[in-house]
Amino acid sequence: MSRRNLLRTGTAAAVAAGSGLSAATAAQAAPAGGADAVSPAGSGPIRPASVMPVEAGDTAEQILAKAAAIVPRAPQVAWQQREVTGFTHFGMNTFTDREWGSGCEDEAWFDPADADVDQWMRAYKAAGMKQVMLTAKHHDGFVVYPTRYSNHSVIASPWWYRGGTPDAEATRARARAEAARGTDPSAYWRIRQAGDTNPHGDILGSYLSAARRAGLRVGVYLSPADGSELPHAWHQTFVQQIVAKHDAGHSLSIEEQSTYDDRDRTPAGMGRYGSGSAVTTRTIPTLVEGDDRAQALAAGRLPKFTVSCDDYNAYYLNQLYELFTQYGPIDELWLDGANPWTSSGVTETYDFTTWFKLIHALSPDTVTFAGPQGTRWVGNEDGAARTTEWSVTPATADPATAHGEGLLPNGAQVDDIGSDAALTAPGVRFLQWFPAEADVSIRPGWFWHADEQPKTAAQLTQIYRDTVGRNAVMLLNVPPDKAGRVDDADVAALTAFGSAVEATYGHDLLVRARPAALARTLTDGRLETSWSPSRGATTGTVELELASGTVFDQVRLGEDIRTGQHVQAFTVSVFDGTAWTTVAEGSTIGYARVLQVAPPVGASRLRVAVTRSRGPFRLATLGLYRTAPTAG
């Protein structure tokens, strides 16, 4: 089991706990293009929507007609067009040399000597990334921004102060906060301005500002799992079990090992995770003593929500509120379904229904990982999408009520994610636009470790073809080191990767083809211009005369996904002056499909034939490329 897969344990069981938001807010927060946008079975024409219910009386033909009418939300289209997102794992694990933290760490261990987020952005830009995403909180629960709702944050680290050393005023304030932290989760937040503070202490704020200055879109990862919030009494028993297991000579899992290493310490939070606290009516945001938002809330300049939830769900909702109201706009929110302590006796029921409604109410254009009409895990951590990668997928229940991975009928790792058979299988209750995001790290781990080396530029380029070139977004993790900089070796690999992609795909050999107008339509990089067969046909052939001397070894195709994903089978053939020869073939296309042709071929004419489609299709992209050498 890979590390990321381990983090996903318990996803299917962690389903929604109720409606959460008040009725008024719920109506306001209904997902755009939701189930109300489609006519019931047999009642009239099917209108395009991003999610549709499968009715009890729907025939297979009606279900597939609905699938042909599933279209992405505009933010999903923009998200996919960015192609490569940088993922940044930087937190407590960076300094403990771990992949999974215990939640018992001393905040003083977080101590980057030379954090330079602008250097990170230069590295990401060199790789051609258009979006970046930071782990604001990983599973250990350490928060890299000044949150009101946990003392286990950057404020409690001496790094919060200029030079890493609190002055006399800060020392006195920290003593007061430390004395109160066991009963007041906002104790450190309330002394955040005491003393000579580090202007770059808010890692998340610095990161998002640097990204925006660099012209990059932004995302945030907020882990639902939180080791710092484990109940203290349970944790004592858990530690005893882990010590006994270790002393008996048994191997420990990755999370058990961190618990064993920190066995003399206690969780740093308030014990809210899986505590069995009562579900009660609460207001989000929950104001704390000295809260600087009180006046804005009272005047209606900030929204507030009435929810019914337990202590931990309130904590998570309050942090979501902080992210969107203080750090927005946020283009992508990343949350997995990790519930890792279930087998050891602690389970937190994540109220996904309320989480998703709050997210949509605060930021309807945010693409939420595993959220309704958001984005989904591709099913591995190797940076490889399926060769048949559908963006239209089935769900066993309303996507607004549960983590998306748990709603895929056979899980996120199934080979057949969206074929006709998968969509019409028993148990499918909804269809939605749910495109793949392929996460992979440039290094073996997600956090930086001195004994690991990055992937080569050639490996990264192949991953690009296997993700972006297979209708997925490439989510490439690049972890800064303990000093707070992207390692020189990683920078070199990223730069060579970005140069290789540009050298290959920046030179479309089809631009000089004839008819010139058709060539321009297919090579202008715009979804708005496309070719489709006449009279709404579901098959068709496009043919072009190539410029003399055209030799290529890659073909890129793309549909206008604004109107859906339809192509199910196609071929690419060339004419050498004597006969037509098929040089590539595939099933789905979607936003992008890249096929390699070996050996390189020269031809006078090119033909693309769509032989099967779920509905009328629009071919927006067609390109021919010669692979450029990859340095490094």
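Analyst: **A helix pair and its surroundings**

Helices α6 and α8 cross in a right-handed sense. Please keep in mind that this is a predicted model. Two packed helices are described by the angle between their axes and the distance between those axes. For α6 and α8 (residues 203-213), the angle is about 45° and the axes are 9 Å apart. The angle falls in neither the roughly parallel nor the roughly perpendicular range, and α6 and α8 are therefore oblique to each other.

Which residues make the contact? On the α6 side they are Val117, Asp118, Trp120, Met121 and Tyr124, and on the α8 side they are Ser206, Tyr207, Ala210, Ala211 and Arg213. By type, the residues of this contact divide into seven nonpolar, one polar and two charged. An α-helix has 3.6 residues a turn, so residues three or four places apart point the same way. With that in mind, you can look for Val117, Trp120, Met121 and Tyr124 in α6, which are among the contact residues.

Asp97 has a phi near 60°, a positive value in a residue other than glycine. With a relative accessible area of 46%, Asp97 is partly exposed.

Now for the charged pairs. Side chains of opposite charge can pair when their charged atoms come close. Asp116 forms a salt bridge with Arg485, and the closest N and O atoms are 3.2 Å apart. Arg485 has a relative accessible area of 28%, so it counts as partly exposed.

How many salt bridges does the model hold? The count comes to 34. One of these is between the side chains of Glu83 and Arg556, at 2.8 Å from N to O. Glu83 is in the loop between α4 (74-81) and β2 (84-88) while Arg556 is in strand β15 (residues 551-559), so this pair ties together parts 473 residues apart in sequence.

Another salt bridge pairs Arg618 with Asp560, where the closest N and O atoms are 3.9 Å apart. This pair links distant parts of the chain, 58 residues apart: Arg618 is in the loop between β19 (605-613) and β20 (619-625), and Asp560 is in the loop between β15 and β16 (567-575).

The peptide bond from Ile284 to Pro285 is cis, with omega near 5°, and Pro285 is found in the loop between β5 (280-284) and α11 (294-298). The bond from Arg514 to Pro515 is also cis, with omega near 0°, and Pro515 has its place in the loop between α16 and α17 (516-523). Gln373 has a positive phi, near 50°, in a residue other than glycine. Gln373 belongs to the loop between β8 (367-368) and β9 (376-377), and is buried with a relative accessible area of 2%.

To finish, here are two covered places. Helix α13 (residues 352-362) is mostly covered, with ten of its eleven residues buried; among them are Phe352, Trp355, Phe356, Ile359 and Leu362. Trp390, in the loop between β9 and β10 (392-395), counts as buried at 3% relative accessibility. Leaving aside neighbours within four places in sequence, Trp390 is in contact with residues including Arg376, Ile417, Asn471, His566, Thr588 and Arg614.

Key
Residues numbered from 1 in each chain as written. Predicted model: local features only at pLDDT ≥ 70, side-chain atom pairs only at ≥ 80, totals over all residues. Heavy atoms only, no water. Salt bridge = Lys/Arg side-chain N within 4 Å of Asp/Glu carboxyl O. Helix = DSSP H or I, 4+ residues; strand = E, 2+ residues; numbered from the N terminus. Buried < 20%, exposed > 50% of the residue type's maximum accessible area, 1.4 Å probe, protein only. Axes fitted to C-alpha atoms, helices over the stretch in contact; angles between N-to-C directions. Parallel < 35°, antiparallel > 145°, perpendicular 65-115°, else oblique. Left-handed = near helix turned anticlockwise from the far one by under 90°. Contact = heavy atoms within 4.5 Å. Nonpolar A, V, L, I, M, F, W, Y, C, P; charged D, E, K, R; others polar.
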